[in-house]
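Please walk through the model below, starting with the chain as a whole and ending with a few local details.

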Amino acid sequence: MATGRTHRPATRSRGIPEATVARLPLYLRALTALSERSVPTVSSEELAAAAGVNSAKLRKDFSYLGSYGTRGVGYDVEYLVYQISRELGLTQDWPVVIVGIGNLGAALANYGGFASRGFRVAALIDADPAMAGKPVAGMPVQHTDELEKIIEDNGVSIGVIATPAGAAQQVCERLVAAGVTSILNFAPTVLSVPDGVDVRKVDLSIELQILAFHEQRKAGEEAAAADGVLPPAAAKQQRKGPDGDVPAVMPA
């Protein structure tokens, strides 16, 4: 069985833009749902709507994969699932370690979607000696003293950090030194990594703050419209700024 250590996705060497790569999982999720309903084909408009993008952008993205669909028929769902899965590297086994088995780490360990998407949780690791040996999601938690050996024995190249912020950088450095080259960071801090190491950051508090901004802006517009200061349609269309008209709600 292939492992993440010996095989890497070919997206960069094929010249697929990062923005397209970021949208491929959205297409795959929508296509998987169609496949589960035994839908054989889908139009670019239908798939774009399900993925939350416009159809022109979808067709451009798929052109990088060499998939253009058939006029009047659309795209073959099963083939696109395979094609995108292959491009993302999901047709092989990717062993993953999760470091930090608190509430968030335990929730990630119990997430059932990893295995169905090509990721195998190889180990759960925590610095608390009291956690060692305790079963979480059917796996015994291992102490951080074993981190390097676990990574070597399982050929791990992807690590998930779910530790407190103060411990994240040290854990990151140990993961990288042991051979991990891709990190998914849930800790509320920015990690410093050397060239050749990819980091994706997931910060739920930032996402909530962005939503709070939009809610506050919408509430202000509704209040202004209610007071007759600005008609609702105008409030949504534009807002005057120092450099001219700017969107009323700026993209996150």
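The secondary structure of the chain amounts to 10 helices and 11 strands; the model is a predicted one. The chain has 252 residues, and 37% of them count as buried. Its accessible surface is about 14,400 Å², with 56% of that belonging to carbon and sulfur atoms. If contacts between residues at least 6 apart in sequence are considered, 57% of them join residues at least 24 apart.

The spacing follows from helix geometry: an α-helix has 3.6 residues a turn, so residues three or four places apart point the same way.

Empty space is the next topic. Rolling a probe the size of a water molecule over the atoms shows where such space is left. The largest pocket has a volume of about 2,000 Å³. Its lining consists of 40 residues, and those nearest the centre of the pocket are Pro25, Leu88, Leu90, Phe119 and Arg200. Which element supplies the largest share of the lining? That element is α1, with 10 residues. The elements that each supply at least two residues of the lining include α4, β3 (94-99) and α6 (113-116), as well as β7 (158-161), β8 (182-185) and β9 (198-201). By residue class, the lining of the largest pocket divides into 23 nonpolar, seven polar and 10 charged residues.

Two backbone details remain. Ser38 is not a glycine, yet its phi is positive, about 60°. Ser38 sits in the loop between α1 and β1 and is exposed, with a relative accessible area of 62%. Ala137, also a residue other than glycine, has a positive phi near 55°. Ala137 is placed in the loop between β5 (135-136) and β6 (139-143). Its relative accessible area is 39%, so Ala137 counts as partly exposed.

Conventions
Residues numbered from 1 in each chain as written. Predicted model: local features only at pLDDT ≥ 70, side-chain atom pairs only at ≥ 80, totals over all residues. Heavy atoms only, no water. Helix = DSSP H or I, 4+ residues; strand = E, 2+ residues; numbered from the N terminus. Buried < 20%, exposed > 50% of the residue type's maximum accessible area, 1.4 Å probe, protein only. Contact = heavy atoms within 4.5 Å. Areas by Shrake-Rupley, 256 points an atom, 1.4 Å probe, with all protein chains shown as cover. 1 Å grid on protein atoms, 1.4 Å probe; cavity = no way out; pocket = protein on both sides within 12 Å on 5 of 7 lines; lining within 4 Å. Points joined across faces, edges and corners; volume = space filled by probe spheres on them. Nonpolar A, V, L, I, M, F, W, Y, C, P; charged D, E, K, R; others polar.
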